[in-house]
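Try each task before you read its solution.

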Amino acid sequence: MTGGLASVAQAIRATLLTADPRAKVMATRKIARDWRLGRLAARYDVAMPDAPARPDRPELLPPRLMPKRKKAGSDRAKIALLHALAHIEFVAIDLALDLVGRFGGEMPTGFTDDWLTIASEEAMHFALVRRRLRSLGADYGDLPAHDGLWEAASDTRHDISARLAVVPMVLEARGLDVTPAMIDRFTALGDARSAAMLQRILDDEIGHVRAGLRWFHHCCAREDRSPLDHWQNMVKRHFRGQLKPPFNDSARQRAGLSRDFYLVGC
């Protein structure tokens with residue numbers, strides 16, 4: 001019997017409307033744990049908000065107004081890079097939660113299993129990066145950030161195939177490309193702690209891209225569509241940027257993302 005249980009959608013909506021970063025992290029972990037233990041009903045009975053709540057800080061700016069990064073190697077440059085990563089991970093929590101709350105009702109239970117696990121991992125990533133920032137005398141919110149990631153969610157709020165095509169298969173896949181260079185940079189600076197943290201995040205993100213690809217294929221199969229053709233159409237319609245090399249072919253291959261997808265138009 002699940003009638004007396006709170007719905008997973010209610011729990012997700014409440015967490016999306018939680019602005020405080022620490023509270024959002026704790027609530028996200030609780031949703032994943034409660035779902036795994038059968039404490040939330042598989043009901044998708046409330047609408048998701050148009051946008052998640054955000055803390056007063058950081059200040060959110062258009063990408064073109066973001067300040068230029070400091071010279072590589074300085075402490076301020078390290079903090080700026082980690083702060084940008086913290087913001088990406090913070091928004092990624094909301095992206096994973098919104099995906100379940102918005103589209104879980106039309107998908108098999110395994111979809112909710114996967115994306116609540118991913119939401120919990122994104123929350124863990126944010127907590128790790130924030131802890132590292134604090135060890136360097138900074139904190140999340142000290143610098144401005146931009147909200148381009150959530151724009152992608154807003155643009156794909158009515159179509160699960162578009163959301164999967166753009167967010168995990170383009171934006172998160174881009175993280176697979178750029179993170180190894182960040183690891184090398186921190187290693188060269190003698191910052192083994194940050195490098196190890198980034199490697200852990202990279203390993204998890206490969207699984208996130210893999211999940212996005214798997215569920216995109218599921219959507220294509222039920223609609224009798226060619227995954228490659230449909231992905232190309234979704235990206236052309238809903239992705240505002242361009243797919244630019246270099247690509248981390250090995251990490252993308254580990255995620256199951258073949259070159260047939262991302263070399264189109266490059």
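**Exercise 1. Classify Arg222 as buried, partly exposed or exposed, then find its salt-bridge partner.**

Step 1. Arg222 has a relative accessible area of 38%. Buried means under 20%, exposed means over 50%, and partly exposed lies in between (1.4 Å probe, protein chains only). Therefore Arg222 is partly exposed.

Step 2. This is a predicted model, where local features need pLDDT of at least 70, side-chain atom pairs count only at pLDDT 80 or more, and totals for chains, interfaces and linings use all residues. Residues are numbered from 1 along each chain as its sequence is written, and side-chain values use heavy atoms, with hydrogens and water left out.

Step 3. A salt bridge needs a side-chain nitrogen of Lys or Arg within 4 Å of a carboxyl oxygen of Asp or Glu. Arg222 forms one with Glu106, and their closest N and O atoms are 2.7 Å apart. The pair links distant parts of the chain: Arg222 is in helix α7, Glu106 is in the loop between α3 and α4, and 116 residues separate them. Helices (H or I, at least four residues) and strands (E, at least two) are DSSP runs, numbered from the N terminus.

Step 4. Check the partner. Glu106 has a relative accessible area of 42%, so Glu106 is partly exposed.

Step 5. Side chains of opposite charge can pair when their charged atoms come close. By the salt-bridge rule, the count comes to 20.

**Exercise 2. Is His208 buried or exposed, and which residues is His208 in contact with?**

Step 1. Locate His208: helix α7.

Step 2. His208 has a relative accessible area of 1%, so His208 is buried.

Step 3. Contact means heavy atoms within 4.5 Å. Leave aside neighbours within four places in sequence. His208 is then in contact with Trp115, Ile118, Glu121, Glu122, His125, Pro168 and Glu172.

**Exercise 3. Describe the surroundings of Leu17.**

Step 1. Leu17 lies in the loop between α1 (8-16) and α2 (21-36). At 42% relative accessible area, Leu17 is partly exposed.

Step 2. Beyond neighbours within four places in sequence, Leu17 is in contact with Pro49, Ala51 and Ala53. The C-alpha atoms of Leu17 and Pro49 are separated by 7.7 Å, although the two residues are 32 apart along the chain.

**Exercise 4. Find the backbone features at Pro58, Pro246 and Asp224.**

Step 1. The peptide bond from Arg57 to Pro58 is cis, with omega near 15°. Pro58 is in the loop between α2 and α3 (75-103).

Step 2. The peptide bond from Pro245 to Pro246 is also cis, with omega near 5°. Pro246 is in the loop between α8 (227-238) and α9 (249-254).

Step 3. Asp224 has phi near 55°, a positive value in a residue other than glycine. Asp224 is in the loop between α7 (192-222) and α8. Its relative accessible area is 73%, so Asp224 is exposed.
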